[in-house]
There are 2 protein chains.
Amino acid sequence: MLTIFGSVALDTIRTPTKVLRGVLGGAATFASISASFFVKPGLIAVIGQDFPKKYYNILNKFLDLSGLARANGKTFRYDGSYDETLSHRTTNKTELNVLGSFNPVVPDEYKKSEFVYLANNDPVQNTKVIKEFDGIKFSMCDTIDFWISTKRDDVIKMMGLVNSVVINDEEAKLLTKTQNLIKSAKKIMEWGAEYVIIKKGEHGSLLFYEDIVFPSPAFSLENIVDPTGAGDSFAGGMIGYMASKKSTKISTLREAVVYGNVMGSFAVEEYGVRGLSKLKKSQIQKRFNQYKKMVHF
Amino acid sequence: MLTIFGSVALDTIRTPTKVLRGVLGGAATFASISASFFVKPGLIAVIGQDFPKKYYNILNKFLDLSGLARANGKTFRYDGSYDETLSHRTTNKTELNVLGSFNPVVPDEYKKSEFVYLANNDPVQNTKVIKEFDGIKFSMCDTIDFWISTKRDDVIKMMGLVNSVVINDEEAKLLTKTQNLIKSAKKIMEWGAEYVIIKKGEHGSLLFYEDIVFPSPAFSLENIVDPTGAGDSFAGGMIGYMASKKSTKISTLREAVVYGNVMGSFAVEEYGVRGLSKLKKSQIQKRFNQYKKMVHF
């Protein structure tokens with residue numbers, strides 16, 4: 001089984017062409033819907049009283065929700081703006097709301113999960129949650145600049161407790177205080193993670209293990225409308241594929257990274273979760289095959 | 001035969017760790033030495049009276065120099081500084097010297113060249129030179145921001161006269177006034193080029209033809225000392241490989257791009273041309289094979 005822990009949010013997303021207010025978002029939302037095309041994941045997260053029924057129905061369609069808590073108060077809200085290149089996002093406002101006081105409970109039936117993904121979240125909370133699992137074969141975490149700036153030691157500690165770290169290039173540099181991504185990945189591996197996956201947006205990703213690098217370009221897209229959730233969809237697709245294969249073999253991991261790229265590419269083609277939620281399994285396999293052909297020489 | 005036209009320079013290169021003054025450089029120097037590992041290229045370029053014998057000997061070791069003119073005056077000089085990430089270079093000084101009044105002559109024995117590379121140079125001069133050739137199978141040109149800003153129409157005209165354009169990502173965006181590299185490549189193809197290769201530095205390259213994209217990651221390197229000439233080495237290695245195969249088939253072109261990445265990776269491992277000039281052919285094949293293994297999934 002695959003369990004995903006992290007945030008479910010109501011997002012306000014501002015792109016140069018459109019503003020979406022109060023749409024379904026959050027790292028765990030994107031990651032778990034993405035993973036759901038490979039296995040049915042369990043979600044541990046919290047929503048508020050204001051969480052719309054239609055968004056609950058979307059989550060319920062794709063996920064096991066026995067780990068989803070509804071608390072008194074408002075759902076976590078995020079408001080961000082993209083620049084005209086769609087490569088840079090600035091945060092306008094973050095309202096933690098029910099996320100601030102959330103005390104996550106791992107349902108008993110999740111505790112045997114062999115695959116666990118800690119989507120971006122408070123590293124102290126992540127560290128507490130990961131210890132609740134008994135039979136982990138493969139765990140992975142992400143983090144962002146906010147936690148690196150405010151709780152760097154806890155981030156490092158968390159990374160020592162998982163098998164794998166997935167992280168953006170800029171955040172990897174910030175965290176490890178180096179400009180070279182190979183050096184950066186090595187440092188994260190010294191802290192205890194066996195695998196490091198650095199996400200580079202439109203430039204794809206780098207998977208590191210032992211002294212090996214596996215670079216994979218992004219699936220090339222001409223029309224990107226909303227990059228929100230691309231990295232989370234990448235991570236969810238990746239661990240979802242591994243969970244479906246029940247495997248942590250290197251060959252599976254390399255394929256999983258390509259599935260990650262493929263899922264990220266679907267995410268950015270539509271606003272919000274729509275790029276994922278309207279997807280058919282056959283489209284994923286088709287794009288994976290196109291990807292294989294694309295990079296062949 | 002392969003002919004390369006462009007600049008030979010005496011460079012001053014400032015990296016955060018070292019300053020090199022008056023070292024052998026220039027787009028055509030890097031491109032032609034890189035190409036020389038595949039075929040012996042003819043070089044059309046100009047040097048001044050001050051050009052050191054030891055640098056002449058390097059060129060003479062790798063290249064056919066019947067197209068190299070020595071003019072009265074000083075050699076073209078370039079002075080540039082890299083920032084601490086080694087990703088951004090600022091120009092401190094450019095002295096055209098003998099390059100300013102150069103009237104390139106294509107030696108008769110070069111005129112039958114089937115492969116011609118116009119390294120970065122005045123687009124008007126490039127356009128004049130390319131017309132001197134009779135039996136071109138594959139021609140390619142590069143350009144930089146200076147020409148895009150000062151002679152954009154001539155750059156576009158030049159691109160309509162070659163089969164292939166190789167260009168940096170930032171310069172492609174500047175030239176085509178778009179942020180999306182697929183859109184950018186399409187625009188350049190509308191101007192007449194059949195193939196477009198966009199170089200993305202540490203992120204590798206994108207080859208475009210018809211409606212197809214071939215992304216190839218850079219060969220991952222932990223220690224980069226001097227990025228000068230990486231793009232020129234890429235282009236030279238690419239067209240050198242094609243010339244050695246006497247082929248413009250797509251499968252050859254895709255392999256050629258990978259050889260381009262490989263040659264670029266050698267170029268940045270040492271200061272100036274040393275990364276290329278000390279290279280053995282067997283190292284290139286070895287790295288090509290490593291690359292193949294690196295990207296496999």
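So, start at the hairpin that β11(B) and β12(B) make: there are five residues between the strands, and G201(B) takes a positive phi near 60°. Keep in mind that this is a predicted model. The strands themselves, β11 at residues 195–199 of chain B and β12(B), run antiparallel and are joined by five bridges. If you want a pair to click on, take I198(B), whose bridge partner in β12(B) is L206(B).

In β13(B), the bridge partner of L206(B) is P215(B). β13 covers residues 212–216 of chain B, and its pairing with β12(B) is antiparallel too, over five bridges. This hairpin has two residues between β12(B) and β13(B), and in the turn E210(B) has a positive phi of about 45°.

Okay, so why is β12(B) largely enclosed by the rest of the structure? Well, β12 spans residues 205–209 of chain B, and four of those five residues are buried, so the strand ends up largely enclosed.

Last bit: the two chains. In general, two copies of a chain are related by a rotation about an axis and a shift along it. Here, chain A superposes on chain B with a rotation of 180° and 0.0 Å of shift along the axis, at an RMSD of 0.0 Å. That's the relation of a two-fold axis. And the same surface serves both copies, with 100% of the contact residues of chain A recurring in chain B.

Notes:
Residues are numbered from 1 along each chain as its sequence is written. Chains are lettered from A and ligands numbered from 1 in the order in which they are written. This is a predicted model: local features need pLDDT of at least 70, side-chain atom pairs count only at pLDDT 80 or more; totals for chains, interfaces and linings use all residues. A residue is buried if 20 or more other C-beta atoms lie within 10 Å of its own, exposed if 12 or fewer, and partly exposed in between; C-beta atoms are placed from the backbone. Helices (H or I, at least four residues) and strands (E, at least two) are DSSP runs, numbered from the N terminus. Two strands pair if DSSP finds at least two bridges between them. Copies are superposed by least squares on the C-alpha atoms of residues with pLDDT of at least 70 in both. Two residues are in contact if their C-beta atoms, placed from the backbone, lie within 7 Å.
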